[in-house]
Amino acid sequence: MKIELSPGLPQRRRSSAIRLKWNQFWLQIWRDRVSYLFLAPFLICFLLFIVIPVIMAGLLGFTSYDGFGVPRFVGLENYIVMFTQDIIFLTKAIPNTFLFALIVGPGGYILSFLFAWLIHQLPIKIRDYYTLAFYAPSMAGGVALSVVWIAAFSGDRVGYVNNFLLDMGWIDSPIIWLQDKKYLLNIMIIVSLWTSFSVGFLSMLAGLQTVNRELYEAGRIDGISSRLQEVFYITLPSMRPQMLFSAVMAIVGTLKAGGISTQLTGMAITPSYAGHLVINHIDDYAFIRFELGYASAVSVILLIISFFAMRFAYRLFGSKEEL
Amino acid sequence: MMRRLRKITPFQVALVTSFTALAAFMSLPIIFILNHAFKPQNELFLFPPRFLVQNPTLRNLESLLLHASNATVPFTRYLFNSMIVVVLTLVCVILVSTMAGYVLAKNKFHFKQLVLSLITLSLMFAPETVGIPRYLIISGLGINNTYFGHILPALASPVAVFMLIGFISQIPGEVLEAAKIDGASQVGIFTRIVLPLSMPAVATISIFTFQGVWGDVETSTLFMQEETMRTMAFYVNSLLSGLQNSVAGQNMAAAAALLIFVPNLIIFLLFQRKVLETMVHSGIK
């Protein structure tokens, strides 16, 4: 092939420019090799156990898969079934989760801040004891605490709650708390609130310590008169990063809570689905019915919900990070 | 300073008193665990139920330690697994996360922004939501029924890395620059400067990692099919599932709850001081 020299020249120059950039890119990668090496162990685990599973869940959501054969592509069928035919999902899992999340999430969050703030008002010497008192239940973790809840909400007269209420004369006969669909979800909410003073709570405590004390003095000069104003105009804006972090933690903690119903009732599926949360629905389809494709579709929905909840939190706290 | 000079009003006294009562109320479950574990069999089912133990005994712990599930796997095996897993995970998480946190906070390189935003995004990630693909990956790697199956998933801890990035960014760049001029290598800077300076954050992530791993039942349920590889939390959880309507096992469950809780408490008490102390005194802002 005969090529004229003059048009060929810029092309070669362009390709060599690209090659130069490419080489430079690799040189930079090579220059930063220590950084990549430092990052590698984390990044590999991160990709393997977080990024890829999420992508896989997304893909599996479009298939019908029983865990043994080959996933069969079914398009949007899982999602269509979920929102048109899955009565348990629509009438139990979704409303329960929303009620549970709306109370436990914001409720636990506000209580965390309130208690962290109150602890911060105490003398430094005794702060530790109070921190421990509030933090200990969440520290003990679900497994250890279910021993407590089971004994407390036991359905006979030996149960602590029943015994107390009978003694006070507020009820006439013992209530079977954990098997009664009227009470189960409420008990789950109370128990989860009890353990909601976790990472976010500690982060708020740390955040309170970082607030510059001079700001309070300045605020007083500028006419801030009450503690409440101090909190709103100085404390909260100063510890915005910690508030955002604990908001995210609250969202995750709330949406993934589901083990609690199983631990309380000892059954994978709660009586008349009274405490059925979306997580329980996923477990039901994944590990009892082995419809992994459908279960993945449900988990995708849960991930989407938590993404939007997080986005809302970012907006609320006016983070620079756009999500 | 001003606060100390303020006079103590009756209102404040009332506030502190009621707050103390509230704190005591919140810690009821903990007091209960501590008492319940030492109750002899007859006190566990006493009517009316007593909250505090009368005649403390070690029988429950004893029967738990000597108990074997299905008469094949002794309890001590679960305990041993838990300890191995938690120690190895702690060491690895601290190392892996601080390394990642250091370069992400201080160094510039390609794809850094991508990794950072992935980490921020994955803060909302709860492993429970994608148990199925995680199971498939673990079996794909062939690490089910090994300790790797317990440890590796825990290493992907965006929360730990996120906290460390935040903390390490506060270390002034000049310190690192000075070290670099003095001829320190990246590894040297990391081990001699970054790691010691980020001890408070390391203590904090240790607390959370310990809690997460020590009480975790997910890895044992999903990734371990052999009973001998499962951890204590799993065993206790399986003890609990029959507890609602039965008398047998109550004593062991009470002792097991104590065994799960106490190490958490110890590690928190050990590090809480350190976290608060260093956070108050370390001048890095």
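Helices here are DSSP runs of H or I with at least four residues, strands are runs of E with at least two, and both are numbered from the N terminus. One such helix is α14 (residues 218-223) of chain B, and B:E218 is found there.

This is a predicted model, where local features need pLDDT of at least 70, side-chain atom pairs count only at pLDDT 80 or more, and totals for chains, interfaces and linings use all residues. Residues are numbered from 1 along each chain as its sequence is written, chains are lettered from A and ligands numbered from 1 in the order in which they are written, and side-chain values use heavy atoms, with hydrogens and water left out.

So how exposed or buried is B:E218? B:E218 is buried, at 14% relative accessible area (buried means under 20%, exposed over 50%, partly exposed in between, with a 1.4 Å probe and protein chains only).

Now let's look at who touches whom. Contact means heavy atoms within 4.5 Å, and the table leaves aside neighbours within four places in sequence.

| Residue | In contact with |
|---|---|
| B:E218 | B:P127, B:G131, B:R134, B:F223 |
| B:Y102 | A:F38, B:N107, B:I168, B:L176, B:Q186, B:I189, B:F190, B:V194 |
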